[in-house]
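Hi,

Here is the structure I said I would pass on.

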Amino acid sequence: MKRIINEVAVLGSGVMGSRIALHFANIGCKVYLLDIVPRELTEAEKKKGLTLEDKAVRNRIVNDNLKNVLKAKPSPVYHKSIASRIVPGNFEDNMDYLSNVDWIIEAVVENLEIKKQVFDKVENYRKPGIIVTTNTSGIPIHLMLEGRSEDFRKNFCGAHFFNPPRYLQLLEIIPSPETSQEIIDFLMHYGDLYLGKTTVLCKDTPAFIANRIGVYSIMSVFKLMQEVGLSIKEVDTLTGPLTGKPKSATFRTADVVGIDTLVKVASNIYKDCPDDEERELFSIPDYVNKLVENNWLGDKTGQGFYKKTKDEQGKRVILELNTETLEYQPSRKAKFASVTAAKPIDDLKERLKVLHAAKDKAGDFMRKLSFGVFRYSSNRIPEITDELYKIDDGMRAGFGWKLGPFEMWDALGVERTVKTMEEMNIAPAAWVKEMLAKGFNSFYKVENGRRKFYDIPTADYKEIPGTKDFIILDNYRANKPVWKNVGATLHDIGDGIVDLEFHTKMNSIGSEVLEAVNKSIEIAEKDFRGLVIANNGEHFSAGANLATMFMLATEQEYEELDFAVRQFQNTTMHVRYSSIPVVVAPHNLTLGGGCEMTLHADKVNASAETYIGLVEVGVGIIPAGGGTKEMTMRASDTYVEGGIELPELQRRFLNIAMAKVSTSAREAFDLGVFINGRDSYSVNPNRVITDAKRAAIDLAERGYTKPTPREDIKVLGRSALAALLLGAYSFKLGNYISEHDKKIAEKLAYVMCGGDLSEGTLVSEQYLLDLERETFLSLIGERKTLERIQSILTTGKPLRN
């Protein structure tokens, strides 16, 4: 049966239901979002003279929930228009909507009896063969089948999204024994390709995979903190980005999720897993129970493990809980020799080795925590899964870990770690020692660009299913690169396409990256069909190397600065004007120079999660790597004979002057960074480079021809310049911008209007490049600009001077 998902019904509009509905709307589906009918009027409804029969009242719960979720930061939608794809309704008036849909998703409260009541209603309206899934986070799937028809049973499955669904990649697929294989295969594929998820096939066991391991890790932290004698802040330092975990670490995450929610999940595991060898770890510590009793549940009640308050000067202060006294105290920075030694190490795997080898309290904590998680994860096979990679996938995609337990174990060295674990009486499962005895020393290995996992039943390595369409550059490390320097590597990714990967800090663009871009184009022109510029780093590129610019500007090396800017401009123009197609595939932060590189591609294939913009004005300069030129040219391309031209130029001017950054790839089209009809984006980040490669092949096979530099760009001259200068003056008058901001805006306007021209004129790209470079050089040496750059380099934030 060929399935196409056009319309979806989501039953339950709470935080998860509304966000799941909006994510389906993100990918283009029409979504019916239903919930219960209110039993009482609000005071506001009474004042309006409404009754319980009015539609506005009957759909109030859905509408209010949706409105609240849409206010969330970060946003659950790619674009503000997406909410229009949601059709609100209720369980009494609108269940007939279900007869039109291709997928029904239940997301009501975690109560088995309530879910069964909802399914009773679903059976009355659902067409045969239509998929029904539950978003339960832990209720056994098979228990929901009681009283259901045969067709319902074979088309029913667990599909557990993680919150927030737009940003957390994990989708756990949990079939019952009666779920048809066709449904399982479809959900695994659809979740990956369309929803952008890492789909993990789970057994129907308590808490499934990710929550079982993740909650174990959190409960271990709760216990070890007291055992080792650490504070909450010290633990969060050790379980955050330093060790490849999210910024919210452990206790901040608990506050965000809700301490009561965490307690409920842990208590359910304790209740439902009587044979778990570490069951007692899931019993709730006294200090955590006390927080629940006090209603100190985290962010939703204003305090939990942390509490935000203000000091006598009105400055915001974050206090942390003392778990011995249950009193709040100032949060102090963690001071460990091992942390000081590890922080400067960029490579996560090397950093982990240093921390786990340390002899201080931090090292003791890390060993006990990691080794405990390693043992527990190994013991959960085959209970929760038969394949170890699923545990790693679950923890990366659901909990935001950079490395899953087995990946971290590999990084530390399996054989060496097992020996230490046994010395500490934390021995792993027997199959791990059997694996080592058979001569297999790692859980993963890479062959021919494909990652394989150790399969326990066959005692051999197998390719990870569902990954053949992923290009992960780490898997190419064992191959000899086509070319490399200290800032970038050129990989042969097959079919006549090469990929240029940046690997500087934050993938910033300095001379070494510019050299790599030019060299890669030259190599591709000679020996390949096309070039992709993409990487798998945390961000595509944070922009040009500010430290170098700051050094040259403070030393007044203006000739060097001029050379550096020309080099950047020549490189972006080389991207545009080469004899092979160049596809740029940005993701996450793509700022300043990273954006300018993207602007000059023959085609862009971005990740849906791309936050892109020309942000140079915030630093006190203007885009000078071709960004200002490009936006002026794109404005010119919209002008029509006899039409009004200023508004389009004004819009693009404001995007640069206000340093606007898109909140998604979809929004980047509105900013004019991506071009409708040419550029595209991939919802699954693992598919971005693969899709970019396909785009490069397509351009090559359609007979790519080197473009001709433009000499027909219309600039509007003094009339437009006057309007833009007036706008800058008005902003300053209203105290929206500083005097220095006004000066930058005026200079930006001068460039985008083509200089002091008496009337509209056609100019070349080079003319605008020269203008933007001269303007950049006039601003970079300004004291206030240097103060801003220094502030960013030291604090990460620009000065508003």
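This is a predicted model: local features need pLDDT of at least 70, side-chain atom pairs count only at pLDDT 80 or more; totals for chains, interfaces and linings use all residues.

Let me start with α1, which covers residues 15–26. After the helix comes G28, and its phi is positive, near 105 degrees.

The buried residues here are H740, D741, K742, I744, A745, L748, A749, V751 and M752. If you are looking for what covers them, the list includes the helices α24 (627–636), α25 (646–657), α28 (717–733), α30 (765–780) and α31 (783–795), along with the strand β24 (713–715). Just after α29 there is a glycine with a positive phi, G754, at about 85 degrees.

**A helix pair**

How do α18 and α19 pack against each other? Helix α18 (residues 414–423) and helix α19 (residues 430–437) meet at an angle of about 135 degrees, and their axes are 11 Å apart. That angle makes α18 oblique to α19, since only angles over 145 degrees would count as roughly antiparallel. The crossing of the two is left-handed. On the α18 side the contact involves V414, E415, V418 and E422, and on the α19 side V432, K433, M435 and L436. Sorted by type, the residues of this contact come out as 5 nonpolar and 3 charged, with no polar ones.

E45 sits in helix α2 (residues 43–47). With a relative accessibility of 7%, E45 counts as buried, because the cut-off for that is under 20%. Leaving out neighbours within four places in sequence, E45 is in contact with E40, L50, V57 and R60.

D393 is another acidic side chain, and this one belongs to helix α16 (residues 388–399). Its relative accessible area is 14%, so D393 is buried as well. Not counting residues up to four places away in sequence, D393 touches L170, T198, V200 and G398.

G672 is in a loop, the one between α26 (665–670) and β23 (680–682). G672 is buried too, at 5% relative accessibility. Its contacts, again without residues up to four places away in sequence, are M631, R634, R651 and R652. For a sense of scale, G672 and R718 are 46 residues apart in sequence, and their C-alpha atoms are 24 Å apart in space.

Most residues other than glycine have a negative phi, and most peptide bonds are trans.

One joins K73 and P74, with omega about -5 degrees, and P74 lies in the loop between α4 (60–70) and β3 (86–90). The other runs from I381 to P382, where omega is near 10 degrees. P382 is in the loop between α15 (361–379) and α16.

The remaining two are positive phi values outside glycine. N448 has a phi of about 55 degrees and is placed in the loop between β12 (444–447) and β13 (450–455). Is N448 buried or exposed? At 77% relative accessibility, N448 counts as exposed. A659 also has a positive phi, near 50 degrees, and its place is in the loop between α25 and α26. At 22% relative accessibility, A659 counts as partly exposed.

Cheers

Conventions
Residues are numbered from 1 along each chain as its sequence is written. Side-chain values use heavy atoms; hydrogens and water are left out. Helices (H or I, at least four residues) and strands (E, at least two) are DSSP runs, numbered from the N terminus. The expected span of a helix is 1.5 Å times one less than its number of residues. Axes are lines fitted to C-alpha atoms, for helices over the stretch in contact, and angles run from 0 to 180 degrees between N-to-C directions. Angles under 35 degrees count as roughly parallel, over 145 as roughly antiparallel, 65 to 115 as roughly perpendicular and the rest as oblique. A crossing is left-handed if the near helix is turned anticlockwise from the far one by less than a right angle, and right-handed if clockwise. Contact means heavy atoms within 4.5 Å. Ala, Val, Leu, Ile, Met, Phe, Trp, Tyr, Cys and Pro count as nonpolar, Asp, Glu, Lys and Arg as charged, and the others, Gly among them, as polar. Buried means under 20% relative accessible area, exposed over 50%, partly exposed in between (1.4 Å probe, protein chains only).
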